[in-house]
Amino acid sequence: MQSLFKLTREMELKLHALLAEVQELKNKAQELEEENSRLRKDLAALYREGLGGDGADSGVPHKGFFNLLGLYDHNFHICNAYFGRKRSGDCLFCMAFLRKEQEPQLGSGT
Amino acid sequence: MKFACDKESLLNAVQIVQRAVSLKNPLPILGGIKFEAEDERVFLSATDLEMGIRCSFPAQVTQTGSSILPAKVISELIRRLPDLPIYIESDPLTGSTMVKYGQSEANINGYPVEEFPDFPMPESEIKFILPGDVLREMVRQVVYAAATDENRPVFTGVLLETGNGEMNMVATDTHRLAWRKINLEKYQDLNINLIIPGKTLNELIKICGSAEQNIEITVTDNQVLFNNGEVCLISRLIGGQFPNYRQVIPGEYISRIRVSTKELAEATERAALLTRDGSPIIRLKISDNTLVVSVNTEAGRVREEIAVYQEGEPLQFAFNARYLGDALKTIGSEDVNIEFTGPLSPGILRPVADIDYLSLLLPVRLRDE
């Protein structure tokens with residue numbers, strides 16, 4: 001009986017250790033998620049800065065637009081809903097955003 | 001619980017609630033159907049915790065009570081029963097239920113009643129009524145565009161918004177979008193904005209939607225209830241903000257064709273047969289009032305010509321055949337208008353003479369273009 005008790009006790013300890021490990025992993029995952037969303041926000045802010053900067057009134061598509069286009073062509077979302085996330089296939093919202101960015105320049109160019 | 005009923009009404013009720021049964025859920029009790037007998041009616045309910053269905057039918061109740069029976073067993077058994085009156089009697093102590101038919105009987109072991117999750121009917125002041133067929137058609141026309149990828153929960157749902165005496169339903173998986181509007185003149189002051197899981201709406205259109213039945217929709221903070229008097233379907237709502245869908249609908253078109261919906265749908269289906277797996281891309285070329293649908297792959301070639309009415313510039317583009325086929329199936333009119341506004345814009349499919357429905361489809365960008 002004692003050995004059975006010992007075994008269950010050992011098992012309990014192992015489970016506790018496992019639980020602690022899971023908790024640690026959970027914390028780590030949360031940290032990473034927070035960092036990821038912070039980085040995504042930073043990236044969005046940088047692009048916004050780029051968009052508002054040089055070339056905005058000159059009638060030529062500015063650097064920010066090409067950066068966004070590049071990002072989109074590298075299979076990342078550039079729309080508000082999923083900015084910076086991997087995309088598969090074309091996205092209606094990203095395309096609408098690109099169209100909106102492109103149209104003023106087209107309008108002033110013609 | 002003790003009651004007698006006919007096979008048909010029992011089978012019908014079981015088949016309806018079975019749609020909410022979750023066989024994959026780790027909680028075994030969710031694989032069960034709850035039977036409750038009271039006031040000359042038997043109520044059946046099932047839930048997977050996301051969606052719940054409750055349905056009732058008249059029966060001769062001799063003893064009130066309830067029991068939970070495994071959905072798979074009870075539905076298969078009832079389906080195979082002879083067309084005779086059926087007597088059902090459950091033992092509250094053991095949870096076992098006896099099904100008597102003619103001179104025979106079957107005993108089914110059930111689950112403990114107290115373990116079944118609570119099934120409260122959502123109550124709220126926010127209610128409105130729609131004719132069953134209107135709601136069903138509206139859902140059918142948009143729900144196909146909702147995403148199935150659970151990583152993006154907002155897009156797995158259908159946005160239902162009301163305001164100014166109108167109701168809009170929108171679904172998108174970011175590659176395509178479907179939008180339907182109806183007048184809601186009776187409810188000028190109703191302002192709601194909710195995202196209902198597409199899965200729930202797919203079940204809703206299967207269980208209710210006849211023209212004679214009105215469906216009452218009750219909305220709370222996190223649930224919605226559809227009730228047609230016989231069947232109640234409760235669903236959780238998807239949290240989060242649905243993206244501004246109006247910004248993706250393009251304005252003035254540069255080119256437009258009017259084509260027979262059936263002809264284009266059939267040509268699309270035939271052409272799709274020769275597309276590569278995982279890339280069902282078909283090419284469409286519009287010029288001189290003719291639409292050419294073509295596919296050229298290792299599997300072979302298809303080229304179909306369809307006479308169209310064309311306005312604007314000649315065009316050449318490619319569509320995902322499955323998406324185009326889905327959109328054409330829900331158009332609901334003999335002819336369809338397809339509009340194009342530019343290379344970065346989605347094609348707009350509209351039924352001819354109906355401005356309250358549209359479906360957007362992004363053209364596929366081909367590498368050699």
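This is a predicted model: local features need pLDDT of at least 70, side-chain atom pairs count only at pLDDT 80 or more; totals for chains, interfaces and linings use all residues.
# A guided tour of two interfaces

Begin with both chains on display: 17 residues of chain A are in contact with 21 residues of chain B.

**Stop 1. The surface between the chains**

Which residues of chain A lose the most area to chain B? They are Leu92(A), Phe93(A) and Arg99(A), which together account for 45% of what the chain A side buries. Display the side chains of these three residues before continuing.

Next, look for charged and polar pairs across this interface. The rule finds zero salt bridges between chain A and chain B. It does find four residue pairs in polar contact, with both residues of each pair at pLDDT 80 or more.

**Stop 2. The helices of chain A**

Now select residues 63–73 and 92–109 of chain A, which are α2 and α3. These are the elements that give two or more residues to the side of chain A that touches chain B. The most comes from α3(A), which contributes seven residues.

**Stop 3. The three domains of chain B**

Domain 1 covers residues 1–107, domain 2 covers 126–245 and domain 3 covers 253–359.

At residues 1–119 of chain B, an unreviewed UniProt entry places the feature "domain: DNA polymerase III beta sliding clamp N-terminal". That span is 18% helix and 45% strand, and its end C-alpha atoms lie 19 Å apart. At residues 246–365 of chain B, UniProt (unreviewed entry) places the feature "domain: DNA polymerase III beta sliding clamp C-terminal". Here the chain is 18% helix and 46% strand, with 23 Å between the end C-alpha atoms.

**Stop 4. Where domain 2 meets domain 3**

Keep domain 2 and domain 3 of chain B on display. Their C-alpha centres lie 28 Å apart. Eleven residues of domain 2 are in contact with 13 residues of domain 3. The two domains bury about 1,100 Å² between them, 48% of it on carbon and sulfur atoms. On the domain 2 side, Tyr144(B), Arg176(B) and Trp179(B) supply 45% of the area buried against domain 3, more than any other three residues.

How many salt bridges does the rule find across this interface? There are three between domain 2 and domain 3 of chain B. To view a salt bridge, select Asp326(B) and Arg176(B), whose side chains meet at 2.9 Å, N to O.

**Stop 5. The elements on the domain 2 side**

Finally, select α3 (132–143) and β13 (176–183) of chain B, each of which supplies at least two residues of the side of domain 2 that touches domain 3. The largest share, six residues, comes from β13(B). Colouring this side of domain 2 by residue type shows four nonpolar, two polar and five charged residues.

Technical notes
Residues are numbered from 1 along each chain as its sequence is written. Chains are lettered from A and ligands numbered from 1 in the order in which they are written. Side-chain values use heavy atoms; hydrogens and water are left out. Contact means heavy atoms within 4.5 Å. Buried area is the accessible area (1.4 Å probe) that two parts lose on being put together, summed over both. A salt bridge is a side-chain nitrogen of Lys or Arg within 4 Å of a carboxyl oxygen of Asp or Glu. A polar contact is a pair of N or O atoms within 3.5 Å; within protein, one must be able to donate a hydrogen and the other to accept it, and residues adjacent in sequence count only if both atoms are side-chain atoms. Helices (H or I, at least four residues) and strands (E, at least two) are DSSP runs, numbered from the N terminus. Domain bounds come from an automatic or database domain assignment. Ala, Val, Leu, Ile, Met, Phe, Trp, Tyr, Cys and Pro count as nonpolar, Asp, Glu, Lys and Arg as charged, and the others, Gly among them, as polar. UniProt positions are given in the numbering used here, feature names are shortened, and annotations may be inferred rather than shown by experiment.
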